[in-house]
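Student: I would like to learn how to read a protein model feature by feature. Could we go through one together?

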Amino acid sequence: MCSLRDRSPDGSRFKVQGSFEAVIGLEIHAQLLTASKIFCGCSAAFGGAPNTHVCPVCLGLPGALPVLNRAAVDDAIRAALALGCAIHETSIFARKNYFYPDLPKGYQISQYEQPFATGGLMAGVRITRVHMEEDAGKSLHEGFADSDRTTYVDFNRSGVPLIEIVTEPDLRSAADAAEFFSRLRSVLVWLGVNDGNMEEGSLRCDANVSVRRAGERTLGTKAEVKNLNSFRFLQKALEHEIERQIELVSGGGRVVQETRLWDAAAGRTVSMRSKEEAHDYRYFPDPDLPPVVVDAVRIADIQSTMPELPDARRRRLVEQYGLPEYDAGQLTQSRGIAEYFEAVVAAGAPPKIAGNWIMGELARKLKEQAADVMSSPVTADRLAGLIALIEKGTISGSMAKDVFEKMYATDRTAAAIVEAEGLAQIDDDAQIAKLIGDVVAANADAVAQYRAGKASTFGFFVGQVMKAAGGKANPKRVNELLKKALGSG
Ligand SMILES: [Zn+2]
């Protein structure tokens, strides 16, 4: 079996494993970052003691009526626009009926026949639909053995707004699927509609996977793989599932349509249940909710407030600032980084140097502190201030790294640190000449040796002058003035 990363000879995205091809579509659930839930006024914030963000609506008590949260619709519009979808003027909330302890109403309010938006495209993958729905509560299990297992239900998550994004089966490898999901995540976070936190479950991905013999047009039977709460798990789970299906089909077996879970500890997917068909859910329009109506004016209003998206921003950074593609890619990893970069440049720093500091020292520090660039104690203005001191030759590049550390730790400007600690380079020729004069006078023997042709003595003089200057003399000027003083300049 050849590697999953193999490309076809024509270099297309069509990937073949042995004589098989994998076909993958994703279903992504993203919690919207609204203050309140989708159909009630309860807080949608993550965390909080169990069952403290609840009311009759999100607990599904009889007679409680849902009222749609306008902010959730606005977020859904933003996401749908960014994914290039057509937003339908009218969409319908439907009840998806099934029983589960974390779903007290016995149905989830979702959208089915008339979804919110359809027909998008991102990174070469077609987006089938984007629809709105409510999240379910969360079951928490304690204990492992059946005899001592207890399950609790927390309804804080019940009714948190979600969008479900469904792609066409356009992905052909586990690596492509992981890369696409990563791009989708960065777009949603960039828009401010989702926090991208996969560990807390506010962004979740399921994958539909099937395999077929290369060249075949019809789709094979697919399995749905759930529980893919990191990019690494997504990729590993899909690699495993593709391999499992190929082995099954090669051996004359058949793939069963089912839902499988990724067991990270065992490194394999395991069967969870046979896959429901849509008709199992008995969808019907929710009689408690009127159709969602989104008119063209509202869409245009939101369109006018949409931020420049990552791809467009990356291209602009290359064109406007002459940055290399790689740098522009790194500096558009998040909207915060991109804005920070442009603020540093606006404050007067040369773009390439500003980018190097952000990708180097600042990124290292933020990672070390698990901090966000927006909360960096070294603000964009202050980083520009530090860069200005290097550009002027007040401090050396290596000294600047120490100053940066102190800026990060102490909430002071670079200029204040340089002044308070006397770090400024001695740049003044008269001062340097005085230091050189002292060194020359104190080392008559070495001077004689040097003048007799022993050139290696020069390094000794540089060392002595730098030592006398406490390491702060401008090395270039020291060299030049020394040569002059020793009579070889
Ligand atoms: Zn509620």
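Predicted model: local features only at pLDDT ≥ 70, side-chain atom pairs only at ≥ 80, totals over all residues.

Student: Which atoms are the protein donors of the zinc ion?

Tutor: Donors are N, O and S atoms within 2.8 Å of the metal (3.2 Å for Na, K and Ca), and sites may look incomplete because water is not among the atoms. Here the SG atoms of Cys-40, Cys-42, Cys-55 and Cys-58 lie 2.3 Å from the zinc ion. Along the chain, their spacing is C-x1-C-x12-C-x2-C. Cys-42 and Cys-58 both lie in the loop between β2 (20-31) and α1 (70-82), so this pair ties together parts that are 16 residues apart in sequence. Helices (H or I, at least four residues) and strands (E, at least two) are DSSP runs, numbered from the N terminus.

Student: What is the geometry of the zinc ion's site?

Tutor: Four donors count as tetrahedral if all angles lie between 85 and 135 degrees. The angles among the four donor atoms here are 102 to 115°, and the site is tetrahedral.

Student: Is His-53 buried or exposed?

Tutor: Buried means under 20% relative accessible area, exposed over 50%, and partly exposed in between (1.4 Å probe, protein chains only). His-53 has 17% and is buried. His-53 lies in the loop between β2 and α1. Contact means heavy atoms within 4.5 Å; leaving aside neighbours within four places in sequence, the contacts of His-53 include Cys-42, Cys-58 and Phe-155. Of these, Cys-42 is buried at 11% relative accessibility, and Cys-58 is buried at 4%.

Student: How many residues are in the largest nonpolar core?

Tutor: In soluble globular proteins, nonpolar side chains tend to be buried together. A nonpolar core is a set of buried Ala, Val, Leu, Ile, Met, Phe, Trp, Tyr and Cys residues joined through side-chain atoms within 4.5 Å. The largest one has 63 residues, and among those touching the most other members are Leu-26, Phe-116 and Leu-188. Helix α2 (residues 174-191) supplies the largest share of this core, nine residues. Another core, of 35 residues, lies apart from it and includes Leu-317 and Ile-395.

Student: Where do the buried residues of α3 fall, seen down its axis?

Tutor: An α-helix has 3.6 residues a turn, so residues three or four places apart point the same way. In α3 (residues 231-250), the buried residues include Leu-234, Leu-238 and Ile-242. They fall within an arc of 165°, so they line one face of the helix; the arc is that of the directions from the helix axis to the C-beta atoms. Arg-232 and Glu-247 are exposed on the face turned away from the buried side. Following α3, Gly-252 has a positive phi, near 90°.

Student: What about the buried residues of α12?

Tutor: They are Ile-432, Leu-435, Ile-436 and Val-439. What covers them includes α14 (457-468) and α15 (475-486). Ala-430, Lys-434 and Ala-441 are exposed on the face turned away from that buried side.

Technical notes:
Residues numbered from 1 in each chain as written. Heavy atoms only, no water. Tetrahedral: all angles 85-135°; square planar, octahedral: opposite > 155°, others 65-115°. Expected span 1.5 Å × (residues − 1).
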